[in-house]
Structure formats: C-alpha cells, structure tokens
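Here are a few exercises on helix packing and ligand contacts. Try each task before you read its solution.

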Amino acid sequence: MTTAYQGLLHRYRDRLPVVDGMRIITLCEGNTPLIPLLNIPRELGKDVTMYVKFEGLNPTGSFKDRGMTMAVTQAVHEGSRAIICASTGNTSASAAAYAARAGIRSFVLIPEGKIAMGKLAQAMMHGAIVIQIQGNFDDGMRLVKEVATKAPVTIVNSINPYRIQGQKTASFEIVEALGRAPDYHCIPVGNAGNITAHWLGYRECANGGALPVMAGYQAAGAAPFISGQMVDQPETVATAIRIGHPQSWDAAWDASRASNGWFAAHDDATILATQKLLASKEGIFCEPASAISVAGAIADIRSGRSRAGSTIVCTVTGHGLKDPDTAIASNTAPVLKVPAALDDVRRASVEPL
Ligand code: F0G
C-alpha cells in the first residue's frame, strides 16, 4: 500500500460523504501549505501572526479542486455522464479537469471576455464544451439551473452540497497545522460558497475549542454583502469575484453573524497593490481576487479591528499564473530590451544597482 498522499477523499474519508464502492475521482488535491508571512507583518509594525493558505497550489491552481473531487465523485457514483457549471473561470477549469479524469463530459458557461486567459486555456485543454455567454456569471448561473431541469447533467457549482463538503477540508488542514483555529479567517467572497464551507469545516473540527472570526472581503464594484442587496451589474478587475447575486447568501450571512465576523469591500487599486505586495515582498503570486483577503486583513490590522496578538489566516484562492494579462498590465516597471551583447547586458543590469 502506498503511503503517498492520495487526496482529500482518502484523507478525510470519515468526515465526508464518501461511501463504500465509490470510484474516487482525484488529482491529489488539498494538502496545501500554510505559509507564514514574514515581511508584510514586520512592515506593518503590529503584533500579529499572519499566514496564507495558498490554495493556488491545488492541481488546477485554485481551491475549487477541493469541492470538485467530492462533487464529481458523487456525480459519477450516481451514474451521471455529464456535469455543467457557470463560472468566472476557476470552477470551469476544475470541472473540466475532473470530468476529464472521470471520463465524462463537461459543459461550462463563462462570461464572454471576462475570464482570465489561463482559465479559458484550462477548460479548453481539458476538453470541456465551452459556452461563452454575452452576460455575466449571474446570468450563467440562472441558465445552468434551467438547463439542468431539462437535460441529464449534474450542476457542479457550489449550490451542489458536495462541493461545500469538499471545500470544508481547508479548515481541517488549517486547524491541524496550527493545533487550533486561527483567531481570524480572512477570505474573498464571490458566490459565497467558500466562506460557507470554511465555517462548516471549522465547526466540525473545533472539538469544543474556539472558532475563528470570519472576515469576508468583496471587490467594491461587486459587493452585495456590503450593500446588503444584490448587485445587477458587478464590475471589478478581480474577474473571479465579479458576482452580484451570490448563491450562498443566507449561509454566508450565518457564518459572518455566528462568528462575530464582518464583510468589507476594497477597491480595484487596493486589490492590485496587494497582489503586487504579496508577490514582491513574500514571493507569493496570486490572482487579483485572491489578494483581497490579504488586503482586507491588512486594513483590519491597521485599523485595530483585528486584535493585537492574534493569529490571522488569509485564504489565497488562486494562482497568479491564471491571469498573466492583468499582472503584466498592472506593472509599471519596464522590461529592459538590449542587444545580446555583454556590454549592453552589463550596463542594463549593473547600472541601476
Ligand atoms: N477567489 C477565486 C480565485 C475564485 O475563483 C472565486 C470564485 C472566489 C475567490 C470566491 O469564492 O465564490 O466561493 O465566494 N470563483 C467562482 C468560479 C465563482 O466560477 O470560478 P466563492
């Protein structure tokens, strides 16, 4: 028997809806590192311990794989031959990969022109039927629900409860790594499945210990949890969370209220500046939507909303390589271009020092 890590469904079999005889569809997802931040907290000059749970290191580069292994395993177990989702990009990449692994079809509805190129490439490479709609994620979600009532396909958006089950395992890993729950858990919020899943996970593994305060962050142009009402035309550079009608509305409010947490919004400039900060100060390259958890944590540490002496975990949801276009466009430092000659390279590289 191998002792190698075999993915979430093996590792947490007793805490997930895994039943005997299931064919487990896995890419060995999960088991992502909890990386302590070094330079950002020092520069903040506050007494806090900050960690990043780097979910961008999952097989398809985002946290979605945690839920997808469970949802696709269940779909196959039920005899489903096809899955469908609406997506801002990461869910579609993950669905396509797990469907490929399972040998079933995947259909993905994505908002035309509003998903990062890496994510589109993934869905295409994994053989999904890619349907770009002239609308946003919320339109896609509505259509997917309609299609699923008429065709034999399983929805693998986070309205599928098996997705939430899989995603809750991130909390298990954090508690195992720290020996307890953090004081604050900072997380980006789009469709609100992930905050819901984390809160469920913490409650299940708390063992009577303290639970974290859940702090959810949204992009200012797509912030229904801050305005308290749905947003019809969400807009943000963080395309992954360009969502105005979150499906897990009630569950996310429950997580926030029951944990004495809060929601806050940050604008696109702050999101991009924090993405750059993480990359340039900590060596962690995430996509824009992911940086908002760290942006939010920093703002709340500065303002004193997060207590001194606390331990803060930020979920960094997706890898920066998903969206090179935004990264390159938001960097002002020029890339030098010189002839392929020693003198020119020396002048270019040594002189600025
Ligand atoms: N961060 C990234 C990188 C995401 O892709 C998403 C959601 C979120 C955060 C927000 O998580 O929806 O559970 O609140 N992406 C979905 C998708 C909507 O289609 O890929 P959430």
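**Exercise 1.** Work out how helix α12 and helix α13 are oriented towards each other, and find which residues meet.

*Solution.* 
- Step 1: Find the helices. α12 covers residues 268–282 and α13 covers residues 288–303. (Helices are DSSP runs of H or I with at least four residues, numbered from the N terminus.) We're working with a predicted model, where local features need pLDDT of at least 70, side-chain atom pairs count only at pLDDT 80 or more, and totals for chains, interfaces and linings use all residues. Residues are numbered from 1 along each chain as its sequence is written, and side-chain values use heavy atoms, leaving out hydrogens and water.
- Step 2: Get the geometry. The two pack at about 90 degrees, and their axes are 8 Å apart. (Axes are lines fitted to C-alpha atoms over the stretch in contact, and angles run from 0 to 180 degrees between N-to-C directions.)
- Step 3: Name it. α12 and α13 are therefore roughly perpendicular to each other. (That label takes angles of 65 to 115 degrees; under 35 is roughly parallel, over 145 roughly antiparallel, and the rest oblique.)
- Step 4: List the contacts (heavy atoms within 4.5 Å). T270, I271, L272, T274, Q275, L277 and L278 of α12 meet P288, A291, I292, V294, A295 and I298 of α13. By class, that's 10 nonpolar, three polar and no charged residues.

**Exercise 2.** Which residues are closest to the ligand, and what does T317 contribute?

*Solution.* 
- Step 1: The ligand is surrounded by 21 residues (a heavy atom within 4 Å), the closest being S87, G190, N191, A192 and T317.
- Step 2: Look for polar contacts (N or O pairs within 3.5 Å). T317 places a polar side-chain atom 2.7 Å from a ligand nitrogen atom.
- Step 3: Check the backbone too. G190 has a backbone N or O atom 2.8 Å from a ligand oxygen atom, and a polar backbone atom of T88 is 2.8 Å from an oxygen atom of the ligand.

Definitions and conventions
A polar contact is a pair of N or O atoms within 3.5 Å; within protein, one must be able to donate a hydrogen and the other to accept it, and residues adjacent in sequence count only if both atoms are side-chain atoms. Ala, Val, Leu, Ile, Met, Phe, Trp, Tyr, Cys and Pro count as nonpolar, Asp, Glu, Lys and Arg as charged, and the others, Gly among them, as polar.
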